[in-house]
Amino acid sequence: MNLTLKVWRQKGPEVKGKMETYQVSDVSPDMSFLEMLDVLNEELVEKGEVPIAFDHDCREGICGSCNLFIDGQAHGPMHRTTTCQLHMRSFKDGDTIHIEPFRAKAFPVIKDLVVDRSSFDRVIQAGGYVSVNTSGNTLDANAIPVPKEDADMAFDAATCIGCGACVAACKNASAMLFVSAKVSQLTLLPQGEVEASERVKNMVAQMDKEGFGNCSVTGACEVECPKGISLENIARMNREYLKANVSPGK
Ligand code: FES
């Protein structure tokens, strides 16, 4: 396939960026999207030009690094697929593809297609953990019975890879789907119950502090999420937040 790429180029956080046009030829339909960018970068290097900066790590759909906005969609046109798992057979010969970084105030561009998602790390630091008594009397986690339905829901929430597609897809740049998945995966389990109140209050406060927008329940986040994280998590987080703020002594 021969393709035209319109790629966002930006030298640094403070520099104004713009779309640049590149032609790529002989692209195999079996290449992944990132491999296609690798080939383009090799050509740019050979010509003495600066390669396009883009984020990636596992290339297996599990780390959440490969956050590209492709033709107006987070991670491109394939449903429930990360950019690294997207293949060029999803495009046609002669296509023009627009590639941009995830855009949100809380995800400032570092360079080209790479954004700073450390705001997510700070939300996790605010409460995405459980405390365990390691005094020597630690209870084996398997000794605590967990209803199967709760375990399944916690597991589903835990499949969030923190890629930020929910934020990029949302017209408000809201991080509610991400934060609610992280709150849910702990709150649904007995081990997470001890800090449930403080956790939801602190994580929501940090989310707001980072400059993410509010949720207006358009549902774009759930549609674009490569892991299919459900809006039910947002409803659960809202209930937990309300409970934490009205319960005496919490
Ligand atoms: S590179 Fe890890 S999810 Fe795509």
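Trainee: Which residue does Lys 6 stand opposite in β5?
Mentor: Lys 6 stands opposite His 98. Keep in mind that this is a predicted model, where local features need pLDDT of at least 70, side-chain atom pairs count only at pLDDT 80 or more, and totals for chains, interfaces and linings use all residues. Numbering runs from 1 along each chain as its sequence is written.

Trainee: In what sense do β1 and β5 pair?
Mentor: Parallel, over four bridges. β1 covers residues 3-9, and β5 covers 96-101. Strands (E, at least two residues) and helices (H or I, at least four) are DSSP runs, numbered from the N terminus. Two strands pair if DSSP finds at least two bridges between them.

Trainee: And how many bridges link β1 and β2?
Mentor: Seven, in the antiparallel sense, with β2 at residues 18-24. Take Val 7: its bridge partner in β2 is Glu 20.

Trainee: Switching to helices. At what angle do α5 and α8 cross?
Mentor: Roughly 70 degrees, with the axes coming within 8 Å. That makes α5 roughly perpendicular to α8 (65 to 115 degrees). α5 is residues 176-187 and α8 is 232-246. Axes are lines fitted to C-alpha atoms over the stretch in contact, and angles run from 0 to 180 degrees between N-to-C directions.

Trainee: Which residues of α5 and α8 meet?
Mentor: From α5, Met 176, Leu 177 and Val 179 are among them. From α8, the set includes Ile 234, Arg 236 and Met 237. Contact means C-beta atoms, placed from the backbone, within 7 Å. By class, this contact has seven nonpolar, four polar and two charged residues. Nonpolar is Ala, Val, Leu, Ile, Met, Phe, Trp, Tyr, Cys and Pro; charged is Asp, Glu, Lys and Arg; the others, Gly among them, are polar.

Trainee: How do the axes of α5 and α6 cross?
Mentor: At roughly 170 degrees, coming within 11 Å, with α6 at residues 196-209. α5 and α6 are therefore roughly antiparallel (over 145 degrees).

Trainee: Zooming out, what are the domain bounds?
Mentor: Domain 1 is 3-111 and domain 2 is 118-246. Such bounds come from an automatic or database domain assignment. Their C-alpha centres lie 29 Å apart.

Technical notes. Parallel < 35°, antiparallel > 145°, perpendicular 65-115°, else oblique. Contact = placed C-beta atoms within 7 Å.
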